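Take a look at the picture, then read on.

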Amino acid sequence: MLTSKQRTVLKGLASNIDPIGQIGKGGISENQVQSFDQALEKRELIKITVLENSMEDKRELARELEKVLNAECVIVIGRKIVLYRKSNRKDINHIEI
């Protein structure tokens with residue numbers, strides 16, 4: 001569970017990154033889950049866009065992604081979801097929170 005100070009740090013870092021994927025009317029596919037999982041392992045912090053044609057609630061999508069990716073939702077703002085998960089890789093620069 002992230003503290004409010006940790007969330008603040010991660011929100012600041014997320015403001016400078018581009019979304020890595022989109023969720024549309026088809027919802028979350030298995031390929032997207034794999035792609036987001038790999039991105040989290042490599043970057044630790046990712047931003048995802050929810051398209052306007054998506055029938056699902058953004059917060060529900062964020063909760064679902066938290067569960068399947070074992071990640072923390074940093075923020076849901078507008079049509080963007082920001083997720084964080086500490087990587088197990090040793091060859092990357094880890095985010096200090």
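Is R85 buried or exposed? In this predicted model, R85 has a relative accessible area of 12% and so counts as buried, the cut-off being under 20%.

## Salt bridges around R85

The structure holds four salt bridges. In one of them R85 pairs with D37, with 2.7 Å between the closest N and O atoms. These two partners come from distant parts of the chain: D37 belongs to helix α2 (residues 30–43), R85 follows β4 (80–84), and 48 residues separate them. D37 is partly exposed, because its relative accessibility is 32%.

R85 also forms a salt bridge with E41, where the closest N and O atoms are 3.4 Å apart. Again the pair links distant parts of the chain, with R85 in the segment after β4 and E41 in helix α2, 44 residues apart. Both R85 and E41 are buried.

Elsewhere, the side chains of R63 and E60 meet in a salt bridge at 2.4 Å, N to O. Both of these residues sit in helix α3 (residues 58–69), three residues apart, which is about one turn of the helix. R63 counts as partly exposed at 40% relative accessibility, and E60 is partly exposed too, at 44%. As for the other group, salt bridges with shared partners join D37, E41 and R85 into one network.

| Salt bridge | Closest N to O distance |
|---|---|
| R85 with D37 | 2.7 Å |
| R85 with E41 | 3.4 Å |

## What else does E41 touch?

Which residues does E41 touch, leaving out those up to four places away in sequence? They are R85, S87, N88, R89 and I92. For N88 there is a further detail: the side chain of E41 reaches the backbone nitrogen of N88 at 2.9 Å.

Now let us turn to the strands. In which order do the four strands of the open sheet stand? The order is β1-β2-β4-β3, and the pairing is mixed. β1 (21–23) and β3 are at the edges with a single partner strand each, so one side of each has no neighbour in the sheet. Direction ignored, neighbouring strands of this sheet are turned by 25° against each other on average.

Strand β4 pairs with two of the others. With strand β2 (residues 45–50) it pairs in the antiparallel sense over five bridges. Along this pairing, I46 stands opposite L83, and I48 has I81 as its bridge partner. With strand β3 (residues 72–77), β4 likewise pairs in the antiparallel sense over five bridges. Here I75 stands opposite V82. β3 and β4 form a hairpin with two residues between them, and G78 in the turn has a positive phi of about 60°. Strand β4 is also mostly covered, with four of its five residues buried.

Which strands do the helices meet? Helix α2 packs on the sheet and touches β1, β2 and β4, its direction making about 150° with that of β2. Helix α3 packs on the sheet as well, touching β1, β2, β3 and β4, and its direction makes about 20° with that of β4.

Helix α1 (residues 4–14) has R7, L10 and A14 as its buried residues. Seen down the axis of α1, these buried residues fall within an arc of 70°, so they line one face of the helix. That buried side packs against β2, β3 and β4. The face turned away from it carries the exposed residues K5 and T8.

Definitions and conventions
Residues numbered from 1 in each chain as written. Predicted model: local features only at pLDDT ≥ 70, side-chain atom pairs only at ≥ 80, totals over all residues. Heavy atoms only, no water. Buried < 20%, exposed > 50% of the residue type's maximum accessible area, 1.4 Å probe, protein only. Pairing = 2+ DSSP bridges. Axes fitted to C-alpha atoms, helices over the stretch in contact; angles between N-to-C directions. Contact = heavy atoms within 4.5 Å. Polar contact = N/O pair within 3.5 Å; in protein donor to acceptor, adjacent residues only side chain to side chain. Arc of directions from axis to C-beta.
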